[in-house]
Amino acid sequence: TPGTESNVKEIYDACNEMKRDPQNFIFNQFCEFGNYLGHFEVTGQALASVYQHVAKSMNNPNLRLAAFTSATGSAGTIGAGDRLKEMFGTKIVAVEALECPTMLENGFGEHNIQGIGDKHIPLIQNIMNTDVVVAVTDKATDELDVLFNTPAGQKYLADRHNASPELVEALTHFGFSAICNVLAAIKTAKLLGYGANDAIVTIATDG
C-alpha cells in the first residue's frame, strides 16, 4: 500500500477490496479479539515473570512494576498491560508518534516509526484502561537508529560513553518501534517522577 507508517486506512481499503473475492480470507489484527487475548494471556504473563525474576534477583521487596509502555499499533501488545494492571496495579502507557498525535490531540500526520500505525483507535484497544499517553518523535528514533547501527555511532558509544561491546551489539537489534518504546519508558519515568523502586517494562517489538 502507498504512503507512510501513518497510512493504516489504506491497508483497510486494500483488504476490503480483496475481501470481495470469496476465495480470500482477511484476518485483520486490528479488530480480531484473539490478538488482544493472546497478548493478555501470553505476553502479559511473560512480562510478569520477567519482573518477578528481576525483583527476586535484586532482593528488593520494594520494587514495584510501576508502568508498562507500548506503542498501540494493532492494539495486541498493549493488551498485556491489562493483565499487568490486574496483577500489580501497573500503569498502562500508550505510545504514539508526535507527528501524528491521535490520542493526544485527535491529530493527523505522517511519521516513520515502523509498525505503530495511528490516525485511528483499533477496535480491540481497551482505550479506557489507559493511564498515560506519551508521544515520541520519529526524529529521535531515526537518529538513534543511526547511532546504534553505524561504525561511527558505535565508536561514539564505546569511546565517549564507555559502552561495553556486548551493549553495543545488543543495541543493533533495536529497530524504530523498539527504540520508540524505550524512549517512552524514559519519558514516563521523568513525567511521573519514578525512582529506584519503580520498574518499567516495555517491548523490543522488532528486535
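The structure is a predicted model, in which local features need pLDDT of at least 70 and side-chain atom pairs count only at pLDDT 80 or more, while totals for chains, interfaces and linings use all residues. Residues are numbered from 1 along each chain as its sequence is written, and side-chain values use heavy atoms, with hydrogens and water left out.

Helix packing comes first. Two packed helices are described by the angle between their axes and the distance between the axes. Axes here are lines fitted to C-alpha atoms, for helices over the stretch in contact, and angles run from 0 to 180 degrees between N-to-C directions. Helices (H or I, at least four residues) and strands (E, at least two) are DSSP runs, numbered from the N terminus. Helix H2 (residues 33–58) packs with helix H3 (residues 80–88) at an angle of about 50 degrees, and the two axes are 7 Å apart. That angle makes H2 oblique to H3; angles under 35 degrees count as roughly parallel, over 145 as roughly antiparallel, 65 to 115 as roughly perpendicular and the rest as oblique. The crossing in which H2 passes H3 is right-handed, where a crossing is left-handed if the near helix is turned anticlockwise from the far one by less than a right angle, and right-handed if clockwise.

Contact means heavy atoms within 4.5 Å. On the H2 side, Tyr36, His39, Phe40, Glu41, Thr43, Gly44, Gln45, Leu47, Ala48, Tyr51 and Gln52 meet Ala80, Asp82, Arg83, Leu84, Glu86, Met87 and Phe88 in H3. Sorted by class, this contact of H2 with H3 has nine nonpolar, five polar and four charged residues; Ala, Val, Leu, Ile, Met, Phe, Trp, Tyr, Cys and Pro count as nonpolar, Asp, Glu, Lys and Arg as charged, and the others, Gly among them, as polar. Within H3, the buried residues (under 20% relative accessible area; exposed is over 50%, partly exposed in between, with a 1.4 Å probe and protein chains only) are Ala80, Gly81, Asp82, Arg83 and Leu84. These buried residues of H3 pack against H2, S1, strand S2 (91–97) and strand S4 (198–202). Just after H3, Gly89 takes a positive phi of about 75 degrees.

Strand S2 is also the place of Ile92, a residue that is buried, with a relative accessible area of 3%. Ile92 and Gly81 are eleven residues apart along the chain, and their C-alpha atoms are separated by 5.6 Å. Leaving aside residues up to four places away in sequence, Ile92 touches Phe68, Ile78, Gly81, Asp82, Lys85, Asn129, Thr130, Asp131 and Val132.

By class, the contact of H5 with H6 has five nonpolar, three polar and no charged residues.

With helix H8 (residues 176–192), H5 packs at an angle of about 110 degrees, the axes being 9 Å apart. This makes H5 roughly perpendicular to H8, and H5 passes H8 in a right-handed crossing. The contact joins Ala140, Thr141, Asp142, Leu144, Asp145 and Phe148 of H5 to Phe176, Ile179, Cys180 and Leu183 of H8. Its residues by class are seven nonpolar, one polar and two charged.

With a disulfide taken as a pair of cysteine sulfur atoms within 2.5 Å, the count comes to zero disulfides. Cys100 is in no disulfide, and the nearest cysteine sulfur, that of Cys180, is 12 Å away. Cys100 is buried, with a relative accessible area of 0%.

Most residues other than glycine have a negative phi, and most peptide bonds are trans. Asn59, in the loop between H2 and strand S1 (64–71), has a positive phi near 50 degrees and counts as exposed at 66% relative accessibility. Asn162, in the loop between H6 and helix H7 (165–171), has a positive phi near 55 degrees, and Asn162 counts as exposed at 66% relative accessibility.
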